[in-house]
Amino acid sequence: MASPLSCSMLSYLSVPSPNSHALPQLHPLNLAPFSRTSNALRSAIYQTRANRTDRALSVSASSALQALIFDCDGVILESEHLHRQAYNDAFSHFNVRCPPSSFQPLNWSSDFYDDLQNRIGGGKPKMRWFFKEHGWPCSSVFEIPPENDIDREKLIDTLQDWKTERYKEIIKSGTVKPRPGVLRLMDEAKAAGKKLAVCSAATKSSVILSLENLIGMVLIAF
């Protein structure tokens, strides 16, 4: 089970898209940080599901509802396959071969990555765990598998930095869309005077990048 991760709240004001109506300004949420495990958060916060898009959304039905809190990865956007693509692109770019005797760069399958990301949180811990379990690889960074902690951390840092930039390129490509129903739910919530916030264990820069490119949101308070 993944260890608890610190989770901070971000409050946002949405910039209306060309097809959306004018929306009232929202005030920032003052919500204290809390801890969660990767699976617990999804049961603790409001989530929008793709299979609800065929139903009428009505967030104004309950006067007790004051705010909606969205996770980013897995709620606002499906990102698991995007992260996996970025990792595999990094492995290919640096010709990471694990085991070293293999002829092809390392490639994490969809099923394997789904299991991995539910076991290990964070990019560097994922790779560190994998290489400890399956053997440290050879690559264009180190022609022979690194044998000391300094070289091993250099390999992990190099791969993670490249993977992060690749992920940003994918998000900015224009091919990634929010999950079905997310924008409609946000528009209805704001029209009803409800507050919106994003809570994510991802890095702040990653969350902001996703929101700016997928939804057009501008950070106003955090």
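Select P99 to begin: this residue sits in the loop between helix 2 and helix 3. Helices here are DSSP runs of H or I with at least four residues, strands are runs of E with at least two, and both are numbered from the N terminus. The model is predicted, so local features need pLDDT of at least 70 and side-chain atom pairs count only at pLDDT 80 or more, while totals for chains, interfaces and linings use all residues. Residues are numbered from 1 along each chain as its sequence is written, and side-chain values use heavy atoms, with hydrogens and water left out.

**The loop**

Look at the bond between C98 and P99. It is a cis peptide bond, with omega about 5°. Now select N95, in the loop between helix 2 and helix 3. N95 is not a glycine, yet its phi is positive, about 50°. Most residues other than glycine have a negative phi, and most peptide bonds are trans. N95 is partly exposed at 31% relative accessibility. Buried means under 20% relative accessible area, exposed over 50%, and partly exposed in between (1.4 Å probe, protein chains only).

**The two flanking helices**

Select residues 80-93, helix 2, and residues 110-119, helix 3. How do their axes cross? They come within 10 Å and cross at roughly 105°. Axes are lines fitted to C-alpha atoms, for helices over the stretch in contact, and angles run from 0 to 180 degrees between N-to-C directions. Helix 2 and helix 3 are therefore roughly perpendicular, the term for 65 to 115 degrees (under 35 is roughly parallel, over 145 roughly antiparallel, the rest oblique).

Show the side chains next. Helix 2 brings E80, H83, R84 and Y87 to the contact; helix 3 brings S110, Y113, D114 and Q117. Contact means heavy atoms within 4.5 Å. These residues divide into two nonpolar, three polar and three charged. Here Ala, Val, Leu, Ile, Met, Phe, Trp, Tyr, Cys and Pro count as nonpolar, Asp, Glu, Lys and Arg as charged, and the others, Gly among them, as polar.

**The rings**

Select F94 and W162. Their ring centres are 6.2 Å apart and their planes at 80°, so the pair is edge-to-face. Rings of Phe, Tyr and Trp (its six-membered ring) pair if their centres lie within 6.5 Å; planes under 30 degrees apart are stacked, over 60 edge-to-face, the rest tilted. F94 lies in the loop between helix 2 and helix 3 and W162 in helix 5, so the pair ties together parts 68 residues apart in sequence. F94 is buried at 12%, while W162 is partly exposed at 26%.

Move to F130 and F131. This pair is also edge-to-face, 5.8 Å centre to centre, with 75° between the planes. F130 is buried at 6%, and F131 is buried at 0%. Ring pairs link both into a cluster with Y87, F91, W108, F112, Y113 and W136.

**The cores**

Which residues have the most contacts inside the largest nonpolar core? Select F70, I76, L77, L82, I171, V176 and M186; the core has 23 residues. A nonpolar core is a set of buried Ala, Val, Leu, Ile, Met, Phe, Trp, Tyr and Cys residues joined through side-chain atoms within 4.5 Å. Elements giving it two or more residues include strand 3 (67-70), helix 5 (149-172) and helix 7 (204-214). Zoom in on V176: leaving aside neighbours within four places in sequence, V176 contacts L77, L82, I170, I171 and L214.

**Last stop**

Select I215, in the loop between helix 7 and strand 5 (217-221). I215 is buried, at 10%.
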